[in-house]
Amino acid sequence: MLNAILLSLGGLVGLAIGGELLVRGAVGIAQKLGVSTLFTGLVIVGFATSMPEMVASVQAALEGSPGIAWGNIVGSNLANTLLILGATALLAPIALSGAGRRDAVVALGATVMLAVLAYSQLGAQWIGAVSLAAIVVYIVWRYRHPSASIGDEDDDAPQNGVIAGVLFAVGLAVLVFSGQILVTGAIDLATLFGVSETAIGLTVVAFGTSLPELAASIAAALRGKSGLAIGNVVGSNIYNILLIGGATMSIAPFALPENLLGLQMGLLIASAVTLLGLLWFAKTIGRVIGAVLLAAFLGNVVLVLV
């Protein structure tokens, strides 16, 4: 048991560290190349912050544990909307300027698509290919419509190209290694405690892979960069389903685990609708709303593990 716990904790810490290094390296490289703020924020940072989820889910799929892979995807989106927004709003209310509304529509559409796949129990490589094509279309669309962009460039990223490249390479290596030991530890924990691999994916793995987004959103909100805090959440939700879900389905073309149906899919759709509603109709995500979101996340974790 101790070995499984140490592997899981080590993997979680490694994913957090590797994700931070990768993000800073990626943004530094983008700044050195002189690409636009939109491209940096949406494509570079969006992809980089999704790498912990990508590594964990793909590794789980390769090891024949689709429950962990899909549990991580669903759990990460729930963590993004409920845990990250909730905790961030409790620390510093998030001002909403209207940015990200159309992206939230895309996120809801991707969530509905995932729910349809889950309830129809469809699984095929062509579905993964379509999802991957969809994320490419989304990136091109955002590039061609910068006026609706969300998020800001990370002005704390290193400007030296060599340092940025080293950070990126080291971060990627740490992510890959950490993802491997986290999945191994998570599988062992599921066996030891008699819970499903999906439950471990929804909770332990999802929390660990969401740490970079949590840290980034809290830091952004405390510095008054509400757009970046919202952008991290909405963008990550889209990448998790289309990019990571597409890669997972392409590698392991199986139907989503049935224990994701019911409460988890219902809560996932409800969280996507709530996020869309807040961005369209609210001016601020205050501490009361933050507390409600956080309570919903913690309550779901208890229900999953009990």
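A crossing is called left-handed if the near helix is turned anticlockwise from the far one by less than a right angle, and right-handed if clockwise. The model discussed here is predicted.

Q: What is the hand of the crossing in which α3 passes α4?
A: The crossing of α3 and α4 is left-handed. By the definition, the near helix is therefore turned anticlockwise from the far one by less than a right angle.

Q: Why is α3 called roughly antiparallel to α4?
A: α3 and helix α4 (residues 66-91) pack at an angle of about 155 degrees, and their axes are 6 Å apart. Angles over 145 degrees count as roughly antiparallel, so α3 is roughly antiparallel to α4.

Q: Which residues make the contact of α3 with α4?
A: From α3 come Glu-53, Ala-56, Ser-57, Ala-60 and Ala-61, and from α4 Pro-66, Ile-68, Ala-69, Asn-72, Ile-73 and Ser-76. By class this contact has seven nonpolar, three polar and one charged residues.

Q: What makes α3 oblique to α7?
A: Helix α3 (residues 51-62) packs on α7 at an angle of about 45 degrees, with the axes 9 Å apart. Roughly parallel needs an angle under 35 degrees, and roughly perpendicular needs 65 to 115, so α3 is oblique to α7. Their crossing is right-handed. Residues of the contact include Met-51, Pro-52 and Val-55 of α3 and Leu-172, Leu-175 and Val-176 of α7. The contact divides into nine nonpolar, three polar and no charged residues.

Q: Why are α5 and α11 described as roughly antiparallel to each other?
A: Helix α5 (residues 101-120) and helix α11 (residues 263-281) pack at about 165 degrees, with axes 9 Å apart. The cut-off is over 145 degrees, and α5 and α11 are therefore roughly antiparallel. Their crossing is left-handed. The residues of this contact divide into 15 nonpolar, one polar and one charged.

Q: Why is the pair of Tyr-138 and Trp-141 called tilted?
A: The ring centres of Tyr-138 and Trp-141 are 5.9 Å apart, and the planes stand at 50 degrees. Stacked needs under 30 degrees and edge-to-face over 60, so the pair is tilted. The structure holds one aromatic pair. Tyr-138 and Trp-141 both lie in helix α6 (residues 125-144), three residues apart, about one turn of the helix.

How values were computed: Residues numbered from 1 in each chain as written. Predicted model: local features only at pLDDT ≥ 70, side-chain atom pairs only at ≥ 80, totals over all residues. Heavy atoms only, no water. Axes fitted to C-alpha atoms, helices over the stretch in contact; angles between N-to-C directions. Helix = DSSP H or I, 4+ residues; strand = E, 2+ residues; numbered from the N terminus. Contact = heavy atoms within 4.5 Å. Nonpolar A, V, L, I, M, F, W, Y, C, P; charged D, E, K, R; others polar. Phe/Tyr/Trp six-rings, centres within 6.5 Å; stacked < 30°, edge-to-face > 60°.
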